[in-house]
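Please look at the sequence and structure first.

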Amino acid sequence: MIYPNINPIALDLGFVQIYWYGLMYLAAFLAAYFLANYRAKQSADWNSKQIEDLIFYGAIGVIVGGRLGYMLFYNLPHFLSDPLSIIAIQGGGMSFHGGFLGVLSAMVLFNKKHNKTFFTTMDFVAPLVPLGLGFGRIGNFINGELWGKVTTSPLGVFIQEQGVSRYPSQLYEAFLEGLVLFVILWLYSKKTRPLMTVSALFLIFYGLFRFIIEFVRVPDVQLGYLAFNWLTMGQLLSLPMIILGIYLIVKAKK
């Protein structure tokens with residue numbers, strides 16, 4: 001496959017430019033909204049007003065946490081030298097782990113407003129997230145960022161500007177962290193499950209998928225490998241998710 005070099009600007013109206021990356025985020029929030037409404041119809045504990053607030057709080061958490069997390073985890077020197085760069089998100093530069101922490105913080109505020117418990121909300125939210133992650137990775141592919149390592153495999157994508165073929169790690173993540181994780185969580189959560197287990201499965205499987213794909217993904221150039229010539233920041237941040245997920249499973253079983 002030859003990388004198509006898609007223009008990151010989906011629509012140029014002259015006075016404003018609409019980026020594919022932004023449209024992917026819009027698709028993610030819309031998907032979460034429709035899925036949340038569908039799940040709410042299956043439960044007497046949720047209403048349309050709560051769903052609207054849930055998506056609003058979640059969107060703020062994703063955007064603020066994702067951008068802040070990227071600058072702190074992956075690009076701290078640049079952020080310290082140019083703090084205003086934090087608002088330049090049109091070209092990418094969002095961290096899942098930062099967005100994850102942002103959503104957790106936003107859900108604490110949501111729970112206070114609607115008098116819900118933390119894991120009741122997070123078990124409801126977890127199946128809504130993966131499709132959005134998949135859309136985000138497609139945005140990375142369109143932007144031509146977060147490529148995998150150079151390969152001669154037929155699974156690679158030839159990038160004409162670089163003159164090499166690379167693993168399309170963005171698409172691998174879109175498939176595993178997006179579609180596959182969605183199917184796992186959606187099917188599992190269709191039945192009533194012990195509290196915390198849906199959240200735990202999200203933590204475990206996202207962490208595992210991300211950890212595995214990082215082996216073929218090129219680490220951010222400003223960081224490189226953190227240790228052993230293979231450990232990346234993405235893997236380091238995913239390990240606590242796996243451990244926490246296993247702990248929650250064990251606790252739920254008890």
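The notes below cover a surface patch, a pocket and a cavity.

This is a predicted model, where local features need pLDDT of at least 70, side-chain atom pairs count only at pLDDT 80 or more, and totals for chains, interfaces and linings use all residues. Residues are numbered from 1 along each chain as its sequence is written, and side-chain values use heavy atoms, with hydrogens and water left out.

**Surface patch**
- Leu 11, Leu 13, Phe 15 and Val 16 make a nonpolar surface patch of about 400 Å².
- Patch residues have over 30% relative accessible area and no salt bridge, and nonpolar side chains are joined within 5 Å.
- A salt bridge puts a side-chain nitrogen of Lys or Arg within 4 Å of a carboxyl oxygen of Asp or Glu.
- Leu 13 sits in the loop between strand 1 (9-12) and strand 2 (17-19).
- Leu 13 counts as partly exposed because its relative accessibility is 42%; the class lies between buried (under 20%) and exposed (over 50%), with a 1.4 Å probe and protein chains only.

**Second largest pocket**
- This pocket holds about 550 Å³ of space.
- It is lined by 19 residues, and Arg 39, Ser 43, Ser 189, Lys 191 and Thr 192 are the closest to its centre.
- Helix 1 (20-41) and helix 5 (118-125) each give two or more residues to the lining.
- Helix 5 gives the largest share, four residues.
- The lining has eight nonpolar, five polar and six charged residues.

**Cavity**
- There is one cavity of 30 Å³ or more.
- The largest cavity has a volume of about 40 Å³.
- Its lining includes Tyr 74, Glu 214 and Asp 220.
- That lining divides into four nonpolar, three polar and two charged residues.

**Terms**
- On a 1 Å grid over the protein atoms alone, a cavity is a set of points where a 1.4 Å probe fits but cannot get out; a pocket is an open set with protein on both sides within 12 Å along at least five of seven lines; lining residues have an atom within 4 Å of a point.
- Helices (H or I, at least four residues) and strands (E, at least two) are DSSP runs.

Technical notes
Patches are made of residues with over 30% relative accessible area and no salt bridge: like charges are joined within 9 Å, nonpolar side chains (Val, Leu, Ile, Met, Phe, Trp, Tyr) within 5 Å. Accessible areas come from the Shrake-Rupley method with a 1.4 Å probe; for residues, only the protein chains shown count as cover. Grid points are joined across faces, edges and corners, and a volume is the space filled by probe spheres set on the points. Ala, Val, Leu, Ile, Met, Phe, Trp, Tyr, Cys and Pro count as nonpolar, Asp, Glu, Lys and Arg as charged, and the others, Gly among them, as polar.
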